[in-house]
Amino acid sequence: MSRRIAVFGTGYLGATHAACMAELGHEVLGVDVDAAKLEKLEAGEVPFYEPGLAEVLKRNVENGRLRFTSSYEEAADFANVHFIGVGTPQKKGEFAADLTYVEAVVEKLAPLLTEPAVILGKSTVPVGTAQRLAKRVRELAPVGDAAELAWNPEFLREGYAVQDTLHPDRLVLGIDSSNPSATVEEVAREVYAKIIEEGSPFLVTDLATAELVKTAANAFLATKISFINAIAEVCDAAGADVVTLANAIGHDVRIGRQFLNAGIGFGGGCLPKDIRAFMARAGELGADEALTFLREVDAINMRRRTHMVEITKSAVGGTLLGSRIAVLGAAFKPNSDDVRDSPALNIAGQIQLQGASVSVYDPKAIENSRSVFPTLYYARSTEEACRNADAVLVLTEWAEFKEMDPSTLNEVVGQKTIIDGRNCLSPRRWRNAGWHYHGIGRNALFD
Ligand code: UGA
């Protein structure tokens, strides 16, 4: 059955969710306060880079199932299912999450609910938030207890957002046990009917568990990455190879090979701020001791960035002053133009601050990088970035860098030195072409 749905927030999460709900056959209204963003979306244009999303958006704008508005009144009149998909960034100067945007949606929407309605929160929030918001919704809504709030965390990865939304590993629904009713679960099952039919597990929990499922998942992923990065440090010290090691331990299904890629570590708008918000919340709950290991996870991760600067410094003869460094990759991961807390851009900035002249190239993230770091030089191609370089750094594993032919750069660079911050190149291939290859925790005799 087709539902009338409103999605609040049209960033990476909200825009993808709105387009995918329309793709599932629902009538959808995307709501945002940013008029410029809405104008683009209405024209079928995605305001950021996400493979496959433009097609889904355009198709559903054209068939009339997907529209956009800045009016909460229109959204409240139109829909009886409301998704919250706004951001919860890190607070300035604190570890905790900033809930301003989530709270603003509830404060504006709830007083307009004159008919029974379901609000499904998707944003990542500290445990306890949903219970508080559920109560607030009932207080503010003219319809009272018939305005129900549940939590339905999102697990999509940038770069695979459409795939992850339409074919998720699992759906989680946290229900308010203080206001029990069968409606919320029924509505969610209807909204996601096609996905459930396809076989995605649908797990119903209480609100706190649903919130914690999300934060625990991201904390686990961050821990897995920092684990392999810590092992990479030991591999460097012992002359062992972390890639071979990861392949070997990854065969154990209890461990698994995914998220064991050592390198310059994790960044982006989620993992770094989510582990910090998780520690802050555990502290508030009196359980801070339980998560002290996440401080170490964070520290290992941040150390990767300074480590990369040090490797570069020693590769160019002990000082970065006056050296020319090419940086390939600025996005926090490939297939994204997102540079929020990007390790690549952070490293490029640190190297420049130590006196090097840095030329950065990224297939999609130049515009966003320029607004964060306007003083770096941005090249239009790999060749331009590498011209006369004393060292070439690969910091985001875009396919075009992985497939790069060393011989095309032989005549372009000043020194044939390549530093593979993502362990994504073949050391043998580059060494055979006469390059000095440096990886992270790589001995790579057998590559
Ligand atoms: C992450 C989670 O993977 C999603 O499940 C979650 O929904 C999302 O956060 C969120 O909370 O919204 P995302 O931030 O898109 O997704 O990126 P990831 O694919 O998790 O990568 C995060 C960072 O870890 C990237 O900088 C990536 O380069 C790095 N990484 C990943 C590694 O350094 N090594 C690995 O083996 C894997």
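Analyst: A disulfide is a pair of cysteine sulfur atoms within 2.5 Å. By this rule the count here is zero disulfides. Cys 235 is in no disulfide, and the nearest cysteine sulfur, that of Cys 424, is 18 Å away. This is a predicted model, in which local features need pLDDT of at least 70 and side-chain atom pairs count only at pLDDT 80 or more, while totals for chains, interfaces and linings use all residues. Residues are numbered from 1 along each chain as its sequence is written, and side-chain values use heavy atoms, with hydrogens and water left out.

User: Are Cys 235 and Cys 424 buried or exposed?

Analyst: A residue is buried under 20% relative accessible area, exposed over 50%, and partly exposed in between (1.4 Å probe, protein chains only). Cys 235 has 4% relative accessibility and therefore counts as buried. Cys 424, at 17%, also counts as buried.

User: Where is Asn 80 placed, and how does one read its accessibility?

Analyst: Helices (H or I, at least four residues) and strands (E, at least two) are DSSP runs, numbered from the N terminus. Asn 80 is in the loop between α4 (72-78) and β4 (81-84). Its relative accessibility is 32%, so Asn 80 counts as partly exposed. His 82, in contrast, lies in strand β4 and is buried, with a relative accessible area of 0%.

User: What does separation along the chain say about separation in space for His 82 and Ala 6?

Analyst: Sequence distance and spatial distance are read separately. His 82 and Ala 6 are 76 residues apart in sequence, yet their C-alpha atoms are 4.8 Å apart. For Asn 80 and Ser 226, 146 residues apart along the chain, the C-alpha separation is 43 Å.

User: Which side-chain contact does Thr 124 make with Lys 214?

Analyst: A polar contact is a pair of N or O atoms within 3.5 Å; within protein, one must be able to donate a hydrogen and the other to accept it, and residues adjacent in sequence count only if both atoms are side-chain atoms. The side chains of Thr 124 and Lys 214 are joined by such a contact of 3.2 Å. Thr 124 lies in the loop between β5 (117-121) and α6 (129-140), and at 14% relative accessibility it counts as buried.

User: Which residues come nearest to the ligand?

Analyst: A residue is near a molecule if one of its heavy atoms lies within 4 Å of it. Of the 21 residues around the ligand, Leu 156, Glu 158, Lys 214, Asn 218 and Phe 332 come nearest. A backbone N or O atom of Glu 158 lies 2.8 Å from a ligand oxygen atom. For Gly 267, a backbone N or O atom is 3.1 Å from an oxygen atom of the ligand, and a polar side-chain atom of Lys 333 is 2.8 Å from one.

User: Where does the ligand lie relative to domain 1 and domain 2?

Analyst: Domain bounds come from an automatic or database domain assignment. Domain 1 (4-200) and domain 2 (219-438) both give residues to the shell around the ligand, so the ligand lies between them. The largest share of that shell, four residues, comes from α10.
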